[in-house]
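Please read this briefing alongside the sequence and the model.

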Amino acid sequence: MRKWLIGLGLMVSLTVLVGGVMMKRANSFSRSSTLFPFVLPWDDDSPGITNISHWSPKPAGMSGFIRVGKDGHFYEGKNRIRFFGVNLCFGACFPRKEDSEKIAARMAKFGINVVRFHHLDMFSYPDGIRDPQYPDTRHLHKEALDRLDYLIYQLKKNGIYTNLNLLVSRPFNAADGLPREIEELDWKERHIVGFFYQPMIELQKEYAKNLLTHYNPYTRTTYSEEPAIAFVEINNENGLIHSWLGYQVDRLPKVFLKDLQRQWNDWLRKKYRTTTALRKAWGVEEKPLGPEMLANRDFSKGLDGWVLEQHFGAQGVAMTEPVSVGDRGPKSPWSLKITVIKRGQEDWHVQLNQPGLRVEKGIPYTLSFWARSDRPTSVSIGIKQAHEPWQDLGFRTSVKVTEEWQQFSYTFIVSESDTNARLDISGLSQREGSYWFADFSLRTGGIVGLSPEEKLEKGSIEIVLRGQQGQKSLPAQRDWMSFLWEVEDRYWQTLYRYIKKELKARGLVIGTIVGCSSPNLMSRLDAVDTHAYWQHPIFPSRPWDAEDWIVPNRTMVQARGGTLPGIALRRVLGKPHCVTEYNHPAPNTYSSEAFLLLAAYGALQDWDAIYAFSYSHRRDQWDIGKIPNFFDIDQHPTKMVTLVPSAALFRRGDVKPAKNLVCVSLPIEKEKELLLTAYSWNLVHAGHLKVPSEAALVHRVAIATQGRVVPSGSLTPPLSVLKEKIVSDTGELVWDESEPARPVVLINAEKSKAVIGFGGGRTFELGWLTVDGLQSLQDGWVALTVTEMDGADRKPTSSPPIRRFLITATGYAENTNMVWKDPEKSSVGRQWGDPPSLVEGIAARLTFRLPASEATAWALDERGQRKKALPVRVQGQVVSLSIGPDARTLWYELEIR
């Protein structure tokens, strides 16, 4: 999410960062004795136990177009298919032809069977698909198309499908025939206009036509009629309601807002016909402001009534200062100055709040205050619970503050009543520096109705700006949300019908992610999509500043599901569920967990597609020998090594789907009501319908949207989940927090076993496998997997039969000469280091209780080839193997006869 600008010049050259405080346990395990070079060749498709390309029927599309079955899952011919994919971005979508052949073969080796082509449209060739000869964004470059054609052809040959994204980062401009005001917006904001402004919708149709009707001479089909083009996505991470909730619609130029207002008045005329009827329906009245709710609102008593919170090592100090700004600032004599002297890994680690507030659902409140900072930045203001689970109560906004005093005022309605709510000023620890606040006021009231100038007959009813939402009655707000919902639905359906009916594209069409649009809106397309990132990069000062950034160095096993429940809570019943972007961005030193956890719980949830973001952003720079940047995995050793066991967990289905389904109903009218108190990036999901997030670690979760019935036998809220050990209802997955500071996730499936987390000093019984003796650099943190391989790797005619196992043992990774900025290893700025990448060797003892007459094991090299035999002990029905740093590898092969 929100990761799009990595393709710009300042980020393309970045390599990776690895974070984390290196903690030595009471043993001799040390960094100097365990780090060694480990680079997986960019062009490797060599055979062996690590090559699972035989899992993919070739060519892709040989059984026809991918379809959705009656059970709501993807099918390839008569067989169900799960997609295990990656993204390619910017110039990486247009490699040299000789490179395309190697890239496709290597992807197939690691089990990848779909590639999502992302950010084709931001740049001109060679880093994008647009033709630089033209000032507009409407012309596609012939060489770019030829390179794309050949890569898609090579992917198809290797059994890999394609997902084409239509609108991601295209910078629409005046040369496209749009009003010049379009260029006042950044490229992402320009896309908001396209939801309701017909000329921009036509431009999107034109691009779709030019791309999808393009003839590929290598496959001898157009993209529309090519069965290997499995998916077409309309608009990445965007939505009209999402943008309105994020205050972005409020900031659009007048020429576009005027058009939206015209449509709003047309909508109201159809429903009410006259201003008189409208006023009656809306119950227009002005509610005067009530008494002051805040204690010590002007800081005349210092911090009395206020709380300055500091978390996880972040440090801030607060003091009152006199105000002296004349008529251009606060009227009170005092302000509160907050200085952050040590920023946190999360922006909320320093925050100011006043608890003990009583708020009522459906009541309007008006908040006002003055603020400034020592340099331009943003802070977060909201009303939330002052107690567990610390949820926002329908109001949260981002406030842009500068060196000059500014007054801010918001009217809003809270989503739930609460007797202990708090005014919450957060986001302060994103950078070191100072903030000043003054003249806070929170009072009930503030609704105003139609002004005398607003007449339906004249088309002068103003649109409802997000910042003035609470100044309208609830009936007026409901009408506005219904209007936005219908306009957004019209956009998705217009593009969907155009792609399917006029362009006759046979691939499945996806709109955008649930999170930027709503479950009901997205359920009207062919499949539902989601994105998630664990510890996404934070930019304290400027977006995508290559020097000033933080990637908090935490393992997700310490976060009880982390990102995974949020994905599960957005699944729509009866629709294929996709996760087309996922990663634990570098520098995270625990990132080996990323795709293993996603694959395991994705299989438990019975999802249909998961994609790593991303394989590469880099054009023609494939053999760099080091971790490339926040997101690219193609040269990240631990992430690539874990793809094979992840593919077994998800694509092969080693982890069984959960037995039980938790399902809640979400009709359209209920969805609209919830959207009124939602906020951007977190619109509506099952959590808003009382499904606890931990339920997704135990059972399948889904939302029954309009027209869908909750299946009989489904579980519904309230639900209780065990506290210390959260065990899936299949018994195969355990999120074990019995040692709270050192949790671990265990996978105990028939063919796949894993220990992910702080396993050092503990023994794990996983069916036929026992794991102990774990040691690593990071307090015993490991990502260890044992996967029984099958298919072409089996030798059924062998006597005695051979059982083959792939073992991966991953942990810390960094680049040579990487320069860390802090002990927490959360940033390196531009000092990402040199090749080769360095990794640690994990120590472990593995005991297999399986029938055996003999066994042989090998440490594998970077190509997955046997490089060194290891001692194995066979005693009766027990096979014992020890691995460790001396083997200088991340993966091993074991044969048992």
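The points below are grouped by topic.

This is a predicted model, in which local features need pLDDT of at least 70 and side-chain atom pairs count only at pLDDT 80 or more, while totals for chains, interfaces and linings use all residues. Residues are numbered from 1 along each chain as its sequence is written, and side-chain values use heavy atoms, with hydrogens and water left out.

**Confidence**
- The protein chain has a mean pLDDT (the predictor's confidence in each residue, from 0 to 100) of 92, and 94% of its residues reach 70 or more.
- Residues 1-29 have pLDDT below 50, and this stretch has 138 contacts (heavy atoms within 4.5 Å) beyond near neighbours in sequence.
- Over residues 791-796 the pLDDT also stays under 50, with eleven contacts beyond four places in sequence.
- Where pLDDT is low, the predicted coordinates should not be read in detail.

**Helix α8**
- Helices (H or I, at least four residues) and strands (E, at least two) are DSSP runs, numbered from the N terminus.
- Helix α8 spans residues 254-272 and reaches 26 Å from first C-alpha to last, close to the expected 27 Å; the expected span is 1.5 Å times one less than the number of residues.
- Its buried residues (under 20% relative accessible area, against over 50% for exposed and in between for partly exposed; 1.4 Å probe, protein chains only) include Phe-256, Trp-264, Trp-267 and Tyr-272.
- The cover over the buried residues of α8 includes α5 (187-193), α9 (275-282) and α10 (474-502).
- Arg-273 follows α8 and has a positive phi, near 70°.

**A three-stranded sheet**
- An open, antiparallel sheet has the strand order β1-β36-β35, where strands pair if DSSP finds at least two bridges between them.
- β1 (35-37) and β35 (813-816) are at the edges with a single partner strand each, so one side of each has no neighbour in the sheet.
- β35 and β36 (residues 834-840) pair over four bridges, and Asn-815 stands opposite Ser-837 in β36.

**Salt bridges**
- There are 56 salt bridges, each a side-chain nitrogen of Lys or Arg within 4 Å of a carboxyl oxygen of Asp or Glu.
- Arg-116 and Glu-581 form one at 2.9 Å, N to O; the pair links β6 and β23, 465 residues apart, and both residues are buried.
- Asp-424 and Arg-396 form another at 3.0 Å, N to O, and both are buried.
- Glu-895 and Arg-866 meet at 2.9 Å, N to O; Glu-895 counts as buried at 3% relative accessibility, whereas Arg-866 counts as partly exposed at 41%.
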